[in-house]
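Here are some notes to read alongside the model. Have a look at it first, then go through the points in order.

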Amino acid sequence: MKKYKNIIFDIDGTILNTANMNIYPLIKLIKEEKEIDMTYESLLFALGLPGKKTFFQERKL
């Protein structure tokens with residue numbers, strides 16, 4: 001079995017910033033399912049949370 005000499009672990013924003021990849025589809029989903037317009041900034045709390053927890057978060061939606 002081959003042993004690795006190095007492993008790259010990216011904490012979001014270090015190498016790749018994937019926030020847009022997660023937030024913009026969530027904005028679209030909330031609009032389609034709940035008919036609520038959300039802003040990018042208002043959904044930043046959702047980064048790192050599971051989808052169901054984000055979607056049903058009463059304090060924001």
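**Notes on the model**

1. Let's start at D37. With a relative accessibility of 63%, D37 counts as exposed, because the cut-off for that label is over 50%. Keep in mind that this is a predicted model, so every value here is computed from predicted coordinates.

2. Which residue does D37 pair with in a salt bridge? The partner is K31, and the closest N and O atoms of the two are 3.1 Å apart. K31 itself is partly exposed, at 41% relative accessibility. As background, side chains of opposite charge can pair when their charged atoms come close.

3. How many salt bridges are there by this rule? The count is 2. Besides the one between D37 and K31, the side chains of K28 and E32 meet in a salt bridge, at 4.0 Å from N to O. K28 and E32 both sit in helix α1, and because they are 4 residues apart there, about one helical turn separates them. Both of these residues are exposed.

4. What does I27 touch, leaving aside residues up to four places away in sequence? The list is M38, T39, Y40 and L43.

5. Next, take a look at the segment before α1 (19-34), which is where I8 lies. I8 counts as exposed, because its relative accessibility is 73%. Together with I15 and L16, I8 forms a nonpolar patch on the surface, and the three have about 360 Å² of accessible area together.

6. Finally, the chain as a whole. The protein chain has 2 helices and 0 strands. Of its 61 residues, 20% count as buried. The chain exposes about 5,500 Å², with carbon and sulfur atoms supplying 57% of that area. As for contacts between residues at least 6 apart in sequence, 18% of them join residues at least 24 apart.

Definitions and conventions
Residues numbered from 1 in each chain as written. Predicted model: local features only at pLDDT ≥ 70, side-chain atom pairs only at ≥ 80, totals over all residues. Heavy atoms only, no water. Patch = residues over 30% accessible without salt bridge, like charges linked within 9 Å, V, L, I, M, F, W, Y side chains within 5 Å. Areas by Shrake-Rupley, 256 points an atom, 1.4 Å probe, with all protein chains shown as cover. Buried < 20%, exposed > 50% of the residue type's maximum accessible area, 1.4 Å probe, protein only. Contact = heavy atoms within 4.5 Å.
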